[in-house]
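Biologist: I would like to learn how to read a model like this one. Please take me through it feature by feature.

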Amino acid sequence: MRLTALAGEYWQNFREFTPAARSALVIFGVLGIAYGVFTTLFTVYLLAIGFDERFIGVLTAIGMLSGALASLPAGIMYDRYGPRLVLLLGLTMTALGVAVECLLTQASLLLIGGALAAVGVSLLLIAQAPLLAAVSSEQERTHLYSAAAALGILASVIGNAYAGLLPDVLIRWQEDAALRYRLTLLTGCLPAIAAFWFVPRLKLSAVVVERPRIRVRECLQHSAVRRLTFTGVLLAAGGGLVLPFLNVFFVSEYGVGSREVAVVRTVGIVATAAGALAAPMLATRFGLVLGIVLGRASSAPWLLAVVWAPTWWLAAAAYALRTFCVYCSDPLHTDYSMRIVPASLRATVNSLTFLSWNVSLALAGWIGGQVASVWGYPSLFRWGTVLTLVAAVTFWLVFRSYSVSSFSGASDSR
């Protein structure tokens, strides 16, 4: 009965979404397909062409740092010129970076391609939250954030399935695993090209041009931004330590192939979509802040269970439960961070918080590669679990008594 009511609530809100909101959902949906292909297969592809966890850690760190450096200019660019330019530039840079990563095998060029793609992805992610906020009312916003997350995630299931199945199909004509993975990566990312058609057709109100330096200074003067930046570093650290090596962990520890890795990613994506759709219920029951904390904290035991599981499919189940818990909280975090800032500063604030996340992910990715290589995966997952719990507790301590109305004039201080 509750699920029926929830489905009806989503359908009613979807019918009220603006045409621009629906176009945005399509854009993030087609990008989700390419995301599913790339995240499933790229690290496995790196193993096939002779690289190890240390290089993957370095590649992750450089990509995250590049995205972090681009995040603040991206926010300023969004506030000054609007979403279309940011989205088109992000799509172009991502496409070029992915092409370099898939077509070239020299370590230095892979790092350059990774950095270029990371900058493009940073532009896309910075634009997402303020764009969705701009095309929705406050009443429907939580549902739009959840729908966008769920749609992108469900679309990536298609990418995951494609990445898992095509290499096995191609083995009839090509025995070289690296070549099969490369062809799968390139063809699997093609649907994202459709985004180039939808972005120019977004129907948006005129952009007000303001001085970006004042925006950054104004943002940094508010305690909400400083709190979001500080807690963002911790929230990103736990997952950032472990997740870049998840596919490699399954290949190395359980001896699975691309098909099993695709299954792991698919169940994780389904769990992500379920968590994103369940997020409004968590917010209704506990409020935004406590919902974020409970989602993150409950994910920690399942992260540890991944490395303790005796079989790959039990590890995959634990990973799915961990992912469900995290994504019960992620849309709430996005909603909360956009509620506590003025509309005119949302993109710049989003870029500052994204900057903190990416710097944390970069450092965690590099450290994770060293830990996995020297001490093994059990130590890596234990540290990821501890950092996840620390982040949840810290977020509660920082925001439990923070009043939304003191910053944005909103009435919801949960």
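**Reading the helices and their contacts**

Modeller: Start with Val-371. Leaving aside residues up to four places away in sequence, Val-371 touches Gly-376, Ser-379 and Leu-380. Touching, or contact, means heavy atoms within 4.5 Å. Val-371 sits in helix α15 (residues 346-374).

Biologist: What should I know about the model and its numbering?

Modeller: The model is predicted, so local features need pLDDT of at least 70 and side-chain atom pairs count only at pLDDT 80 or more, while totals for chains, interfaces and linings use all residues. Residues are numbered from 1 along each chain as its sequence is written, and side-chain values use heavy atoms, with hydrogens and water left out.

Biologist: Why does Val-371 count as buried?

Modeller: Buried means under 20% relative accessible area; exposed means over 50%, and partly exposed is in between (1.4 Å probe, protein chains only). Val-371 has 11% relative accessibility, so Val-371 counts as buried.

Biologist: How many helices and strands are in the chain?

Modeller: Helices (H or I, at least four residues) and strands (E, at least two) are DSSP runs, numbered from the N terminus. The chain has 16 helices and zero strands. It has 414 residues, and 56% of them count as buried.

Biologist: What share of the contacts comes from residues 24 or more positions apart?

Modeller: Take the contacts with a separation of 6 or more; residues 24 or more positions apart account for 86% of them.

Biologist: Where does α2 bend?

Modeller: A bend at a residue is the angle between axes fitted to the seven residues ending there and the seven starting there. In α2 the bend is about 35°, at Leu-41.

Biologist: Which residues does Leu-41 touch?

Modeller: Leu-41 belongs to α2, residues 19-48. With residues up to four places away in sequence not counted, Leu-41 touches Ala-163, Pro-167, Tyr-181, Thr-184, Leu-185, Asn-247 and Ser-258. Ala-163 is 122 residues from Leu-41 along the chain, yet their C-alpha atoms are separated by 6.3 Å. Leu-41 has 0% relative accessibility, so Leu-41 counts as buried.

Biologist: How do I describe two packed helices?

Modeller: Two numbers describe them: the angle between their axes and the distance between the axes. Axes are lines fitted to C-alpha atoms, for helices over the stretch in contact, and angles run from 0 to 180 degrees between N-to-C directions. α2 and α7 (residues 177-188) pack at about 160°, with their axes 9 Å apart. That makes α2 roughly antiparallel to α7. The cut-offs: under 35 degrees is roughly parallel, over 145 roughly antiparallel, 65 to 115 roughly perpendicular, and the rest oblique.

Biologist: Is the crossing of α2 and α7 left-handed or right-handed?

Modeller: A crossing is left-handed if the near helix is turned anticlockwise from the far one by less than a right angle, and right-handed if clockwise. The crossing of α2 and α7 is left-handed. Residues making the contact include Ile-33, Val-37 and Leu-41 of α2, and Tyr-181, Thr-184 and Leu-185 of α7.

Biologist: At what angle do α3 and α5 pack?

Modeller: α3 (residues 53-81) and α5 pack at about 40°, with their axes 7 Å apart. α3 and α5 are therefore oblique to each other. Their crossing is right-handed.

Biologist: What does Gln-128 touch?

Modeller: Gln-128 is in α5, residues 107-134. Not counting residues up to four places away in sequence, Gln-128 touches Phe-28 and Ala-148.

Biologist: Where does α13 bend?

Modeller: α13 bends by about 25° at Ala-300, and a proline, Pro-301, follows within four residues. The 21 residues of α13 (residues 288-308) should span 30 Å; the end C-alpha atoms are 32 Å apart, which agrees.

How values were computed: Expected span 1.5 Å × (residues − 1).
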